[in-house]
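Look at the structure first, then read on.

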Amino acid sequence: MVRRWCRTFSDGRQQVEDIPRAGRTRTATTDANVGKVDGMIRANRRITIDEVAEELGISHERAQNTIHYILRYRKVSARWVPRQLTSTHQEQRMAVSLEHLVHYHEDGNDFLFWIVTGDETWVHHFTPESKAASMEWKHPSSPVRKKFKTTPSAG
């Protein structure tokens with residue numbers, strides 16, 4: 001609890017100030033600890049506040065304050081986007097698209113009735129991590145990270 005006192009001036013204005021008090025100096029938010037926390041986050045973007053606090057021997061609250069308010073990091077999830085295509089897949093998609101354009105220019109709208117569409121299924125033999133498990137610390141100037149959608153397989 002912070003002790004305060006209020007000064008009232010003759011013109012009716014009031015000024016509130018903290019009363020200086022003796023006590024333990026803060027040792028958790030030193031420049032050395034701030035540098036260590038920044039280094040730990042840069043080495044492992046998925047580190048938790050509890051792991052930082054335990055490593056440095058400081059409280060959870062001081063670690064959180066250092067990360068959020070001093071270093072200005074935010075913990076964010078990756079944004080979901082469709083599956084990533086390899087360069088081979090991209091080339092195949094481009095070739096098929098060009099082939100369709102050529103046929104369309106030759107046959108017009110009649111060509112469109114011959115196209116049959118379908119969806120391709122990829123089977124993955126792993127369990128993808130959840131969005132919460134993939135959360136990382138991000139600095140305001142960091143680029144947005146993308147995570148490609150996968151579906152868990154039956155294995």
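## Terms and model

A residue counts as exposed when its relative accessible area is over 50%, as buried when it is under 20%, and as partly exposed in between. The model is predicted.

## Salt bridges

Side chains of opposite charge can pair when their charged atoms come close. How many salt bridges does the structure hold? There are three.

One joins Asp11 to Arg13. Their closest N and O atoms lie 3.0 Å apart. Asp11 is exposed, at 55% relative accessible area.

Are the two partners buried or exposed? Asp38 is buried, with a relative accessible area of 18%. Arg42 is exposed, because its relative accessibility is 54% and the cut-off is over 50%.

## Glu61 and Arg62

The side chains of Glu61 and Arg62 form a salt bridge as well. Here the N to O distance is 2.8 Å. Glu61 is partly exposed, with 44% relative accessible area. Arg62 is buried, at 13%.

## Nonpolar surface

Which residues make the nonpolar surface patch of about 300 Å²? Met94, Leu98 and Leu101 do. Met94 belongs to helix H4, which covers residues 87-107.

Technical notes: Residues are numbered from 1 along each chain as its sequence is written. This is a predicted model: local features need pLDDT of at least 70, side-chain atom pairs count only at pLDDT 80 or more; totals for chains, interfaces and linings use all residues. Side-chain values use heavy atoms; hydrogens and water are left out. Patches are made of residues with over 30% relative accessible area and no salt bridge: like charges are joined within 9 Å, nonpolar side chains (Val, Leu, Ile, Met, Phe, Trp, Tyr) within 5 Å. Accessible areas come from the Shrake-Rupley method with a 1.4 Å probe; for residues, only the protein chains shown count as cover. A salt bridge is a side-chain nitrogen of Lys or Arg within 4 Å of a carboxyl oxygen of Asp or Glu. Helices (H or I, at least four residues) and strands (E, at least two) are DSSP runs, numbered from the N terminus. Buried means under 20% relative accessible area, exposed over 50%, partly exposed in between (1.4 Å probe, protein chains only).
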